Amino acid sequence: MEQQELRDWEARCIQEEPPACRAGCPLSVDARAFTLAMAGDDIPGARAILEKSMPLAGIVARLCEAPCENFCVRGPLGGPLAIGGLERVCVAGAPVKGKVFRLPPRNKKVTVIGGGPSSLTVAFDLAKKGYAIALYHQDPTPGGWLGSLPEAVLPAAVLEEELKRLVGLGVEFYQVADRDAIHGAGDATYIGQDDSLTAGHRVDLTDPDLQTFALAEPGLFTGGLSALDHPYRFITDVSQGREAAVSIDRYLQGASLTASRVALRHGHTELFTETKDVAIRERVVPADPGGFSREEAVREAGRCINCQCLECVRHCAYLAEYKAYPKTYARRVYNNSAIVKGIHQANHFINSCSLCGQCETICPKDFSMADLCLEARQQMVRENRMPASAHWFALEEMRAATGETALARHAPGQTVSSAMLFPGCQLAGIRPEQTLRLYERMLELEPATGIWLDCCGAPGHWAGRTEEFSAMTTRLEEIWVTMGRPKILMACSTCLKIFREHLPQIEVASVWTMLAQKPVAGAAVFPALALSDPCTSRHDEETRSAVRSLLAATGQALAPLPMSGAMTECCGFGGLMEGAAPATAKKVREARVAESDEVFLTYCAMCRDQLAKTGRPVLHLLDILFADTAHPAGEAPASISARRANRRMLKAEVLSRYPEAEGQEQPPWLSLNLDITNEVAALLEERRILEDDIRQVLYKSNERGAYFAHGASDRRIASARLGEVTFWVEYKLVAEVYHIDRCWSHRMVIRGGGERA
């Protein structure tokens, strides 16, 4: 990933956009963090937040008219947060944070004329930056009209204290009668019009630039322009003082006054906050008209929604697992790709995404973790920096499904096919008898329907293996051409998606769409079921609608499921998550079934078995349509060994129904008899070891007559390298039955001995 690509990715995530209250603050005070601190009764912490952005917080927090409240998302849900009132409680209840940090002195002097709020702001901001400030005022003390405010609004002691802070920053105050009394012109001058000025002062004040508050004469700036009846007179003047201070700083450094300048947002933000589940809570009314008590302030602050986007994170256990959000994830991926030598710590993160695309559908800016992670996988694989272990088993399954268990045949008695059923490797492996029942139905609808047992290559695509996947699609197209270019009927949403996106020249359709046009008779009916759409059907509204029509025709009712249809969630298998991050996949499927107490229903065989791993009852659509082959909802998922054996059995069964077709020669190792306990079977499942692997190891061991034998027992250990992996089997042989005790595997190569054990 290039740096510009990273910037593009980061720009799509809006989580770091300011909440509306902060965007509506002329000083960009972090009102959200402040309110949350107040809600936690952390008043010193809240004051520290104010002082990060507010000049002279003791004054500003008391007088701010709080325009931020106009933008509060809580507004229509009980009234906006009383942020202004909370600020007053805060500064009254907590002392000044402490000494303000000041940069080393600079060899520049700024003259400030006028002692009103904008002038005090200019003096505060520039003094912190190290400039020497001379502030000239006409009244006995600086502050302008602030000094005339009632004690209840701005205590004189507070004004005095804040002026002392300015003195502590090096600001020098001079009371002068007129402009002639101002001595020693500075390198820049600010004239604050929110204080009493003599006629001589105003001579130079033409219309300033309202972004920079610079006047025509270089080095001369002005502000404090609000009219007396301005609804936000005070905070506007303070804001103008701050903008002028920014301009003066740039001017004194010889920088552009406008280039890359952060503009005021006036409430504009792209941060999206979902409020549909936010309950209405009315604004707290203080018992004392003078303002909130501390307890009232804490209650009022507790109404804060804590505006965040994080919509994708809320609905994705994978995104939540890594404790951040897409913008930061993009940088992790970028940093990971930049490492030439060393540990690529984000590989696991990249490989764990299910590529389901829900985040993109949810995100207002269409941020797609699927695209980000898939591109990263492709890059890392292409550059040989992604170990194959994460996706190894799925790739081996794909290769087996496209090899030993693949088959393409015309219908019995047919030499051409108008259509072919492509059930997909998972339905064939998990429900072989239902695959045949579905095929029979397809033959009833169209007698010239052939059958094509194969894999669409999705594991290769998901693993980022572009070359292998490209070879897969080329092979699929060649088979399709050989079979006479028939229409392909898909029973798997993933296969349908892969064919549509990567083999658009092939006409495809969903079997559910076909069946919806001519529903079967005698379908079973259950109590209302929670229909979980496969994530690969997210953008396939036609298929999703067909499934619902099909169920309606059978009389099957559906229970509501919060995240359904285009917003559906992954079962934990998509994108090869199950192999790369089994613990995360477990969380994903558990989160999915937690969305309903009803029996689940799906039309993806892998979704069915993944969700069933949670122990919840799950039906496949075929269980409803073809009651004669229905499996119980509580049935345990098929093991990985059973899936491989089922595909082989299905192929043999299809071949047996074709009198003209050749028989299938079985590999010799299939005849070995195994005895596997439930405990060992669970171990095999966890370690992705097939019974086929065990039989091949034992067969090779027998051929070579080589194995480890324990001298005091009849226990043996055999090993063999199958492809890239070395397998080990500990067993006993009794009456030609292999009783398996343990199995394990690794990718290490045993020099000089790997094939001899």
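A salt bridge here needs a side-chain nitrogen of Lys or Arg within 4 Å of a carboxyl oxygen of Asp or Glu. This is a predicted model, in which local features need pLDDT of at least 70 and side-chain atom pairs pLDDT 80 or more, while totals for chains, interfaces and linings use all residues. Residues are numbered from 1 along each chain as its sequence is written, and side-chain values use heavy atoms, without hydrogens or water.

**Around Arg250**

- Arg250 sits in helix 10, residues 233-252. Helices are DSSP runs of H or I with at least four residues, strands are E runs of at least two, and both are numbered from the N terminus.
- A polar atom of the Arg250 side chain lies 2.7 Å from the backbone oxygen of Ala259.
- Beyond its neighbours within four places in sequence, Arg250 is in contact (heavy atoms within 4.5 Å) with residues including Ala255, Leu257 and Arg261.

**Salt bridges**

- Side chains of opposite charge can pair when their charged atoms come close.
- The count comes to 46 salt bridges.
- Glu51 and Arg47 form one of them, at 2.7 Å from N to O. Both are buried. They are 4 residues apart in helix 4 (residues 43-53), so about one helical turn separates them.
- Glu162 and Arg165 form another, with the closest N and O atoms 3.1 Å apart. Both are buried. They stand 3 residues apart in helix 8 (residues 156-168), again about one helical turn.
- Arg431 meets Asp623 in a salt bridge of 2.8 Å, N to O. Arg431 lies in the loop between helix 19 and helix 20, and Asp623 in helix 29, so the pair ties together parts 192 residues apart in sequence. Both residues are buried.
- Shared partners link Glu397, Glu404, Arg644, Arg647, Arg648 and Asp692 into one salt-bridge network.

- An open sheet holds 5 strands in the order 3-2-1-4-5, with parallel pairing. Two strands pair if DSSP finds at least two bridges between them.
- Strand 3 (172-175) and strand 5 (220-223) are at the edges, each with a single partner strand, so one side of each has no neighbour in the sheet.
- Strand 1 (residues 109-113) and strand 4 (residues 188-192) run parallel and are joined by 4 bridges. Thr111 has Thr189 of strand 4 as its bridge partner.
- Helix 7 (residues 117-128) packs on the sheet, touching strands 1, 2, 4 and 5.

Methods:
Axes are lines fitted to C-alpha atoms, for helices over the stretch in contact, and angles run from 0 to 180 degrees between N-to-C directions. A polar contact is a pair of N or O atoms within 3.5 Å; within protein, one must be able to donate a hydrogen and the other to accept it, and residues adjacent in sequence count only if both atoms are side-chain atoms. Buried means under 20% relative accessible area, exposed over 50%, partly exposed in between (1.4 Å probe, protein chains only).
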